[in-house]
Amino acid sequence: MQFTRLRLNGFKSFVDPTDLVIQAGLTGVVGPNGCGKSNLLEALRWVMGENRPTAMRGAGMEDVIFAGTDQRPARHFAEVTLQLDNRERVAPAAFNDADTLDIVRRITRDAGSAYKINGKEARARDVQMLFADASTGAHSPALVRQGQISELINAKPKARRRILEEAAGISGLYQRRHEAELR
Ligand code: ATP
Ligand code: MG
């Protein structure tokens with residue numbers, strides 16, 4: 001699964017629409033402290049269905065919406081679009097006739113998050129499963145947060161086990177068992 005574009009609008013420090021073309025072989029995003037490098041990675045996790053505000057370094061999910069500065073008012077919504085190359089036909093059947101997939105997540109103040117896949121409304125779970133079934137997603141061990149290596153080293157055994165289970169790809173089984181038990 002190749003990510004080809006990341007579009008941000010009102011997400012954290014990216015108040016103006018920003019279009020990042022992800023070319024095959026892109027290896028680095030560089031810039032001074034505080035310019036938004038980590039925010040970009042968080043946008044990627046967020047559009048893939050991350051639902052823990054703490055993973056976005058916030059107290060509530062609405063904290064991802066541009067909060068305003070002395071010069072600019074706060075925004076009412078944030079939107080992130082991730083474009084995927086679907087020429088290998090990795091998408092679920094309902095969307096699998098398109099060469100590209102646009103996954104959109106939008107959060108509006110007081111109205112929560114909404115998702116779309118190629119213009120059709122989708123549930124968070126549809127988006128999470130699309131990425132999980134392609135062995136990636138918001139919790140993919142391929143995305144390493146700043147400070148995560150030292151967290152791993154200093155973690156208590158239980159927390160370290162959770163990280164290893166995520167890496168082994170079995171945390172989805174717990175999720176499915178949990179859902180089965182609720183039924
Ligand atoms: P470093 O090199 O220090 O890791 P970085 O490039 O990773 O820096 P980020 O952590 O991505 O930088 O960006 C931090 C900036 O984003 C800060 O200036 C912070 O004020 C801004 N920011 C975060 N959330 C919001 C928000 N909701 N609204 C406006 N700005 C925000
Ligand atoms: Mg950073």
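Which residues does UniProt place in the feature "binding site"? The entry, which is unreviewed, lists Pro32, Asn33, Gly34, Cys35, Gly36, Lys37, Ser38 and Asn39. UniProt positions are given here in the numbering used for this model, feature names are shortened, and annotations may be inferred rather than shown by experiment.

Before going on, the conventions. This is a predicted model, in which local features need pLDDT of at least 70 and side-chain atom pairs count only at pLDDT 80 or more, while totals for chains, interfaces and linings use all residues. Residues are numbered from 1 along each chain as its sequence is written, and chains are lettered from A and ligands numbered from 1 in the order in which they are written.

I start with the sheet. Helices (H or I, at least four residues) and strands (E, at least two) are DSSP runs, numbered from the N terminus. Two strands pair if DSSP finds at least two bridges between them. The sheet is open, has 6 strands in the order E2-E1-E3-E4-E5-E6, and its pairing is antiparallel. Its edges are strand E2, residues 18-21, and strand E6, residues 120-122, each of which pairs on one side only. From one strand to the next the twist averages 20°. For angles, axes are lines fitted to C-alpha atoms, for helices over the stretch in contact, and values run from 0 to 180 degrees between N-to-C directions.

Now some individual pairings. E1 and E3 are joined by 7 bridges in the antiparallel sense, and in that pairing glutamine 2 stands opposite aspartate 85 in E3. E1 and E2 are antiparallel too, over 4 bridges, with leucine 6 opposite leucine 20 in E2. At the other end, strand E5, residues 112-117, is joined to E6 by 3 bridges, again antiparallel. There, lysine 116 has glutamate 121 in E6 as its bridge partner.

Next, the helices on the sheet. Contact between two residues means that their C-beta atoms, placed from the backbone, lie within 7 Å. Helix H1, residues 37-47, lies across strand E1 (2-9), strand E3 (77-85) and strand E4 (100-108), and runs at about 80° to E3. Helix H2, residues 124-133, lies across E4, E5 and E6, at about 55° to E5.

For burial, a residue is buried if 20 or more other C-beta atoms lie within 10 Å of its own, exposed if 12 or fewer, and partly exposed in between, with C-beta atoms placed from the backbone. The buried residues in H1 are Leu40, Glu42, Ala43, Leu44, Trp46 and Val47. They pack against E1, E3 and E4. Just after H1, glycine 49 takes a positive phi of about 110°.

Back to the annotated stretch and the ligand. Proline 32 is in the loop between E2 and H1, and it counts as exposed because it has 7 C-beta neighbours inside 10 Å. Serine 38 lies in helix H1 and is partly exposed, since 17 other C-beta atoms lie within 10 Å. Around ligand 1 there are 15 residues, of which Asn33, Lys37, Ser38, Asn39 and Ala67 come nearest; a residue is near a molecule or strand if its C-beta atom, placed from the backbone, lies within 6 Å of it. By class this shell has 4 nonpolar, 8 polar and 3 charged residues. Ala, Val, Leu, Ile, Met, Phe, Trp, Tyr, Cys and Pro count as nonpolar, Asp, Glu, Lys and Arg as charged, and the others, Gly among them, as polar.

Alanine 67 is in the loop between H1 and E3. With 15 other C-beta atoms within 10 Å, alanine 67 is partly exposed. Alanine 67 and glutamate 121 are 54 residues apart in sequence and 27 Å apart in space, C-alpha to C-alpha.

Last, two backbone points. Most residues other than glycine have a negative phi. Lysine 12, in the loop between E1 and E2, has a positive phi near 50°. Lysine 12 counts as buried because it has 23 C-beta neighbours inside 10 Å. Asparagine 118, in the loop between E5 and E6, has a positive phi near 45°. Asparagine 118 is partly exposed, with 16 other C-beta atoms within 10 Å.
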